[in-house]
Amino acid sequence: MFTNRPSCTIWEQTVIDRSPAWVRHVTGAVYWQGCDAQRLAGAERRPEDRALCIVHRDSIGLYVPKPDDRILPGTVETDRPPADALTVVNVKDFLFGSDAVQHIEVEAE
């Protein structure tokens, strides 16, 4: 599988002891395709940043991202997602077929 980034960091949104919490996961090499855009609404410009991240099965381990988790390219050492982290909106599971092509596609905005 073609990769262009050494890793990505995903913060899993969960509940620990009845309190909201984040669990940080760092993957291996990924393919990251980002799109920086703006939407013009009258005199206002709002960011419409999006990303597609493709993670090979061997790079993710047992964790599978889910909607509302946060994601950024690279290894980020913070326990909580920074303000510029993208929100996972869709996850497609392609964990079937040949071991060489099994992967997960994560769409975030």
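Residues are classed here by relative accessible area, with buried meaning under 20%, exposed over 50% and partly exposed in between (1.4 Å probe, protein chains only). The structure is a predicted model, in which local features need pLDDT of at least 70 and side-chain atom pairs count only at pLDDT 80 or more, while totals for chains, interfaces and linings use all residues. Residues are numbered from 1 along each chain as its sequence is written, and side-chain values use heavy atoms, with hydrogens and water left out.

Aromatic pairs were considered across the whole structure, and 2 were found. Rings of Phe, Tyr and Trp (its six-membered ring) were paired if their centres lie within 6.5 Å; planes under 30 degrees apart count as stacked, over 60 as edge-to-face and the rest as tilted. The ring centres of F2 and Y31 are 5.8 Å apart and the planes lie at 50°, so this pair is tilted. The pair links distant parts of the chain, 29 residues apart: F2 belongs to the segment before β1 (8–16), and Y31 to strand β3 (residues 30–35). Strands are DSSP runs (E, at least two residues), numbered from the N terminus. F2 is exposed at 61% relative accessible area, whereas Y31 is partly exposed at 22%. In the pair of F94 and F96, the centres are 6.1 Å apart and the planes again at 50°, so it is tilted. F94 is partly exposed at 28%, and F96 is exposed at 53%.

Strands were taken to pair if DSSP finds at least two bridges between them. The antiparallel strands β1 and β2 (residues 19–26) are joined by 8 bridges, and W11 has R24 of β2 as its bridge partner. The hairpin of these strands has 2 residues between them, and D17 takes a positive phi near 55° there.

A nonpolar core is a set of buried Ala, Val, Leu, Ile, Met, Phe, Trp, Tyr and Cys residues joined through side-chain atoms within 4.5 Å. The largest such core holds 15 residues, with C53 and I71 making the most contacts inside it. Two or more residues each come from β1, β3, β6 (50–56), β8 (86–94) and β9 (103–108). Another core, of 5 residues, lies apart from it and includes W11, W22, L72 and A85.

For C8, the nearest cysteine sulfur is that of C53, 3.9 Å away. C8 is buried at 0% relative accessibility, and C53 is buried at 1%.

Technical notes. Helix = DSSP H or I, 4+ residues; strand = E, 2+ residues; numbered from the N terminus. Disulfide = S-S within 2.5 Å.
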